[in-house]
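Please read them with the structure open.

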Amino acid sequence: NKDGLCPLDKLELTRKKMTCKNELHVVDGGDHSFKIGQKYQKSAGINQHDVELEAVKAIAQFVQNSIAESLT
């Protein structure tokens with residue numbers, strides 16, 4: 001994670017203080033906008049579209065789980 005605006009250690013401290021359900025999906029090699037550098041993409045064998053799709057899937061799963069939990 002290359003996010004200079006929100007280091008993971010500080011984010012984790014904030015998440016622990018939160019009272020609402022939350023999860024973290026880390027975009028490896030990504031900055032605050034999920035942007036992945038070309039060198040990282042090549043070395044990791046990934047592309048920007050796939051990384052963004054995985055983030056959308058993680059969000060959808062979180063929402064689905066949250067709805068399911070609220071119905072039980």
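**Notes on the model**

1. Start with a pair in helix 3. Glu 54 and Lys 57 form a salt bridge, with their closest N and O atoms 3.6 Å apart. The term means a side-chain nitrogen of Lys or Arg within 4 Å of a carboxyl oxygen of Asp or Glu. The two residues are three apart in helix 3, so about one helical turn separates them. Glu 54 is partly exposed at 41% relative accessibility, and Lys 57 is partly exposed at 46%. Buried here means under 20% relative accessible area, exposed means over 50%, and partly exposed lies in between (1.4 Å probe, protein chains only).

2. A word on the basis. This is a predicted model, in which local features need pLDDT of at least 70, side-chain atom pairs count only at pLDDT 80 or more, and totals for chains, interfaces and linings use all residues. Residues are numbered from 1 along each chain as its sequence is written, and side-chain values use heavy atoms, with hydrogens and water left out.

3. Now the overall layout. The chain has three helices and zero strands. From the N terminus on, its elements run α-α-α. Helices (H or I, at least four residues) and strands (E, at least two) are DSSP runs, numbered from the N terminus.

4. On dimensions, the C-alpha trace spans about 45 × 25 × 15 Å along its principal axes. The radius of gyration of the chain is 14 Å, whereas a compact globule of 72 residues would have a value near 11 Å. That radius is taken over C-alpha atoms, and the globule rule is 2.2 Å times the number of residues to the power 0.38.

5. Burial and surface come next. Buried residues make up 14% of the 72 residues in the chain. The chain exposes about 5,700 Å², and carbon and sulfur atoms supply 58% of that area. Accessible areas come from the Shrake-Rupley method with a 1.4 Å probe; for residues, only the protein chains shown count as cover.

6. How many salt bridges does the count come to? By the rule used here, four. One joins the side chains of Glu 12 and Arg 15, at 3.0 Å from N to O. Both residues lie in helix 1, three residues apart, about one turn of the helix. Glu 12 is partly exposed, with 28% relative accessibility. Arg 15 is buried, its relative accessible area being 18%.

7. Another salt bridge brings together the side chains of Lys 21 and Glu 69, at 3.4 Å from N to O. Lys 21 is partly exposed at 38% relative accessible area. Glu 69 is partly exposed too, at 46%.

8. On charge as a whole, the chain has 10 positive and 10 negative charges, and their mean positions are 5 Å apart. Lys and Arg count as positive and Asp and Glu as negative; His and the chain ends are not counted. Each charge is placed at NZ of Lys, CZ of Arg, CG of Asp or CD of Glu.

9. Please check the backbone at Phe 34. Its phi is near 70°, a positive value in a residue other than glycine. Most residues other than glycine have a negative phi. Phe 34 sits in the loop between helix 1 (8–17) and helix 2. Its relative accessibility is 38%, so Phe 34 counts as partly exposed.

10. His 32 also belongs to the loop between helix 1 and helix 2. Leaving aside neighbours within four places in sequence, His 32 is in contact with Asp 3, Leu 5 and Cys 6. Contact means heavy atoms within 4.5 Å. His 32 is partly exposed, with a relative accessible area of 47%. From His 32 to Asn 22 the C-alpha distance is 18 Å, at 10 residues apart in sequence.

11. Is Gln 41 buried or exposed? Gln 41 is buried, at 10% relative accessible area. The residue lies in helix 2 (residues 38–44). Beyond residues up to four places away in sequence, Gln 41 touches Ile 36, Ile 46, Asn 47 and Gln 48.
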